[in-house]
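Subject: Structure handover

Hello,

Here is the structure I promised to pass on. Please open it alongside this note.

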Amino acid sequence: MLWQALTFQLGYNATLVTLGATLLGVAAGVTGTFLFLRKRALVSDAISHATLPGVGLAFILMVAMGGDGRSLLGLMLGSAGSAWIGLLCISALTRRTRLAEDAAIGAVLSVFFGIGIVFLTFIQTMSEGRQAGLEGFLLGSTAGMLYSDAVIIAVGGAAVLLAVIAFRRPLSAVAFDPEFAASSGLNVPRLDLIMMGLVMAITVVGLKIVGLILIVALLIIPPVTARFWSERVTGVLWVAGIVGGVSGYVGAALSAIAPALPTGPVIVLVSFSMFALSLFFAPARGVLAAVLKHLSFQRRVHVRQGLLALAQGQPIYEKLTLRLLRRAGLARADGVATSDGKARAAKALRDETRWQMARSREEFALAATFYDGLTEIETVLTGDQITELDRLIGAPKGVRP
Amino acid sequence: MTAIELATSNGTRMDDRGADAALAIRSMTVSYGQKPAVFSVDMTVPSGSMTAIIGPNGAGKSTLLKAALGVIKPLAGSATVYGQPVENARARIAYVPQRASVDWDFPTRVLDVVLMGLYRELGLLGRLRGTHKTRAMECLERVGMQDFAKRQIGQLSGGQQQRVFLARALAQNAELYLLDEPFAGVDAATEKAIIDVLQGLRADGKTVVAVHHDLSTVPDYFDRVFLINTTRIAEGTVEEAFTPQTLQEAYGGRLAMGQLGQTALGA
């Protein structure tokens, strides 16, 4: 059944929804990447909530003009209009008053959402128009999606995707270093507005499938997930696009085989599960990797400290140190060094002495930045430099044992 | 080299020649809220000179640079670069912001940061080619960071981060270099590497302006000084403007007289 859903064999509507959701996921993931890198993820929450009054007003207007009131294009235009006003309110509140951006977001988000709910409630009392289904824009509703709806979503998503790709360099320059970007002639406020406009477009395009409350998840979870896997903007963009696309695809397919499951929330849950997997298991930045790295670092520090203590004939009190030394065959249970341990201890002490000398001399200043108590100096300096260090160590203080 | 000597010895008459100056700031006032951080400041940087902007903490040094570049909008005043408005002279300006002003956990590698210096040249749709990468690598070599090209920027030490920022400015291939505290919190080797690059730029006829904190190195590193404490205190060659009197005026009681005598010339 799932296989059939994934291979578009579950009928016309399911196929439309799955294709639309996949494309929306890719476009949202890529667009959200710059929002995330610019550290303005929450603005998208305000934008999406600010669409609601526009949806209601557009419906009322279309009905008043004798139309059906449910044309997706009309509702999208209305939602874009009110989202844009919300966006301008946030930027004016932040720039013209002493309110910080988070407070402005909170105010705009709740007020616009409140106005929207008032409109929706009013619409329920209207006798004209077929108002049923308008609240589907809150959480998305894909039942009864039309071919024309799917085309609008596909074209809109693709257009936003192309725009983001065209602007990727200035947008990443502004996200990394806005001052430098401004100094090189980029118009930072305008680029921020372009980014927000693209986010708004994605929100409007996604209203039908995931709804305005959950679109934030599709903008933010993919880039956050992608950040675990890449150390470059291009890499994050690719992975975010893939995570978003797979979420849309798998989520829509899952909700197609279990019609009781709503599409939007399932898509969000699929992307969350990818986030959770990355959070724990990503190789460089994941939680598990961090714990393992910390444990291995702690062990190496203990062994090093133990070896230095052995070399200087000091007693070892810490149980972990002693256990690690014993397990490595470097010391006996009573803390006395084995012959292997003595050799390693002497080497550790010599290494440490060389490091101390290197760190006290200006000519080794760059190498000294590599000192972490663990790195062997041979891996940083050349043989000649070490000979020079040994000469410096030997010269002023007489011969060392 | 004679051109440089001419420029510095004529320092006091530079005001008449604002049009030829690498950077000319006129009646600049910048304010955060109601309190001006920079008030009615004039500054003239002769082409081919190397100028230190000095003054106490909060004196408006960085603010002056940012306002001249148009990074922040001044309340009043204007800046010209080689006689043109700054907007028309972007290609001739390179800027090194303070290291602490960016998030070093940003997903980018050292080479990518240097390539950002070429974005203006590339435009929106220009393709990044091999020649651009070669140029970026050359800039990294000039600051001694070529072995770090593939590193994630978060793995760098403070001094290495500063060198990468300088390499990005070099990639801009400009004539006027504006640096905001390039020596703050860097190791001795980095300080030497940076000053070598800056003096190399001046030897090529470029102009360097740096916000600077360490008074003891001013006479060694720079040939001109601009002293600011919200208003302009003094401006001119090191001999003219870097004296115990001007320093006393700029720093007030915040420097002990003994310290002034040691660092300033003509004590």
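This is a predicted model: local features need pLDDT of at least 70, side-chain atom pairs count only at pLDDT 80 or more; totals for chains, interfaces and linings use all residues.

**Chain B overall**

Chain B holds 11 helices and 10 strands. It has 267 residues, and 48% of them count as buried. Take the contacts in chain B between residues at least 6 apart in sequence: 69% of these join residues at least 24 apart.

**The sheet in chain B**

Four strands of chain B make an open sheet. Their order is β2-β1-β4-β5, and the pairing is antiparallel. The edges are β2 (35-45) and β5 (84-85) of chain B. Each edge strand has a single partner, so one side of each is left without a neighbour in the sheet.

Look next at β1 (residues 23-32) and β4 (residues 76-81) of chain B. These two strands pair in the antiparallel sense over five bridges.

Helix α2 (residues 61-69) of chain B lies across β1, β2 and β4 of chain B. Its direction is at about 115° to β1(B).

**A helix pair in chain B**

Helices α6 (residues 158-171) and α7 (residues 188-203) of chain B pack together. The angle is about 15°, and the axes are 10 Å apart. An angle under 35 degrees counts as roughly parallel, so α6(B) is roughly parallel to α7(B). The crossing of α6(B) and α7(B) is left-handed.

Which residues of α6(B) meet α7(B)? They are B:Gly159, B:Gln162, B:Arg163 and B:Leu166. Facing them, α7(B) supplies B:Thr190, B:Ala193, B:Ile194 and B:Val197. As background, an α-helix has 3.6 residues a turn, so residues three or four places apart point the same way.

**Helix α15 of chain A**

Helix α15 of chain A covers residues 287-311, which is 25 residues. At 1.5 Å a residue, α15(A) should span 36 Å. Its end C-alpha atoms are 36 Å apart, so the two values agree.

Buried residues in α15(A) include A:Val303, A:Gly306, A:Leu307, A:Ala309 and A:Leu310. What covers the buried residues of α15(A)? The cover includes α16 (319-327) and α17 (339-360) of chain A. After α15(A) comes A:Gly313, with a positive phi near 65°.

Best wishes

Conventions:
Residues are numbered from 1 along each chain as its sequence is written. Chains are lettered from A and ligands numbered from 1 in the order in which they are written. The expected span of a helix is 1.5 Å times one less than its number of residues. A residue is buried if 20 or more other C-beta atoms lie within 10 Å of its own, exposed if 12 or fewer, and partly exposed in between; C-beta atoms are placed from the backbone. Two residues are in contact if their C-beta atoms, placed from the backbone, lie within 7 Å. Two strands pair if DSSP finds at least two bridges between them. Axes are lines fitted to C-alpha atoms, for helices over the stretch in contact, and angles run from 0 to 180 degrees between N-to-C directions. Angles under 35 degrees count as roughly parallel, over 145 as roughly antiparallel, 65 to 115 as roughly perpendicular and the rest as oblique. A crossing is left-handed if the near helix is turned anticlockwise from the far one by less than a right angle, and right-handed if clockwise.
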